[in-house]
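Trainee: Could you pick one part of this model and take me through it closely? I would like to see how that part connects with the rest of the chain.

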Amino acid sequence: MLTVGGYARISALGHMGDGRDGREGVVRQREDVYELARIKLYSVHRIYEDNESSAYKRRVKRENFEDMALDLEHGVISGILAYTIDRIARQPRDLERLIDIFEQARRPMIFATTAGDYDLTTAEGRFQARIYVTIANKFSADAARRIARQKLAQATDGKPHKGQRAFGWKDSEHVNEREAELIRKALEDVLLGKRVATVHREWAELGVRGPQTPPGKTIGYSSVLYVLRNPRLCGYRAYIPQEVRERAGRVDPVEYLVERTDGTPVEGQ
């Protein structure tokens, strides 16, 4: 009986009422993996689960995908089971990494999904897998382009951003008073000559964390600088294209103020 790894992933867990599957989608994937293993008589070593992780965005590191690839390479598991191939890969380079492992293995290997199996040790199997991943990549690119255009239109109209909250805000409309007070004091201090590095040290000593601060850490210097230069502090709207964020990481939002056709900044959160 082959020992395999199951893989489950969802791009966004979602929250109640937002129209996404949320945790239930991941649970269904896990159930389908175990059922597939039962039918094919495979033993599941573990389920490698990456939640709220895109397989399309280049800057996203999927920790459990990396663990799975490592276990596959070292012989801990002899294959992968998943709901569909696009749960595993939406970038051709991720698939190619797995293909390299399969081609170099000297043992029976399996790559199976509920939609069908792919024999990555044969030219035909690799060809089929590459086609499906290329199609998934194209779908993601098309969706990203549509979403980007929609967000640009919303920014131009001055509508509030509905994604992850900004530091100083509970949501797009309500202020987080504790964080807002930190911002007010920091801005006053900086205008009087205090260095941003000093503000960062003070915030770190207070244990301040931002919406994107990793667990167990305090807010970083670049995040403090970003917060203090955020155009929304004076009622302006910025729009930073996804390709810019993925290529350069955190950038200065002031460089991306949205303007109306008359050249004036758009007001709004």
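Mentor: Let's start with E103, a residue of helix α4, which covers residues 92–104. Helices here are DSSP runs of H or I with at least four residues, strands are runs of E with at least two, and both are numbered from the N terminus. Please keep in mind that this is a predicted model: local features need a pLDDT of at least 70 and side-chain atom pairs count only at pLDDT 80 or more, while totals for chains, interfaces and linings use all residues. Residues are numbered from 1 along each chain as its sequence is written, and side-chain values use heavy atoms, with hydrogens and water left out.

With a relative accessible area of 41%, E103 is partly exposed. That label sits between two others: buried is under 20% relative accessible area and exposed is over 50%, using a 1.4 Å probe and protein chains only. Setting aside neighbours within four places in sequence, E103 is in contact with L120 and R126, where contact means heavy atoms within 4.5 Å. The side chains of E103 and R126 are joined by a polar contact of 3.2 Å. Such a contact is a pair of N or O atoms within 3.5 Å; within protein, one must be able to donate a hydrogen and the other to accept it, and residues adjacent in sequence count only if both atoms are side-chain atoms. T122 is 19 residues away from E103 along the chain, yet their C-alpha atoms are separated by 8.5 Å.

Now let's turn to the nonpolar core. In soluble globular proteins, nonpolar side chains tend to be buried together. A nonpolar core is a set of buried Ala, Val, Leu, Ile, Met, Phe, Trp, Tyr and Cys residues joined through side-chain atoms within 4.5 Å. The largest one here has 24 residues, and M68, L72, I80, I88, L98 and F111 have the most contacts inside it. At least two of its residues come from each of α2 (63–73), β3, α3 (85–88), α4 and α5 (123–156). Helix α4 gives the largest share of this core, 5 residues.

Which residues of α2 are buried? They are N64, F65, M68, A69, D71 and L72. Seen down the axis of α2, these residues fall within an arc of 165°, so they line one face of the helix; the arc is that of the directions from the helix axis to the C-beta atoms. Just after α2 comes G75, with a positive phi of about 85°.

R62 is in the loop between β2 and α2. Its relative accessibility is 4%, so R62 counts as buried. The side chain of R62 makes a polar contact of 3.2 Å with the side chain of D94. Apart from neighbours within four places in sequence, the residues in contact with R62 include Y7, R9, D50, R87, I88 and D94.

The strands complete the picture. An open sheet is formed by 5 strands in the order β2-β1-β3-β4-β5, with mixed pairing; two strands pair if DSSP finds at least two bridges between them. At its edges stand β2 (43–51) and β5 (116–117), each with a single partner strand, so one side of each is left without a neighbour in the sheet. Strands β1 (residues 3–10) and β3 (residues 79–82) run parallel and are joined by 3 bridges. In this pair, G5 stands opposite I80 in β3.

Finally, step back to the protein chain as a whole. Its secondary structure comes to 9 helices and 5 strands. Of its 269 residues, 39% count as buried. Among the contacts with a separation of 6 or more, 62% are between residues 24 or more positions apart.
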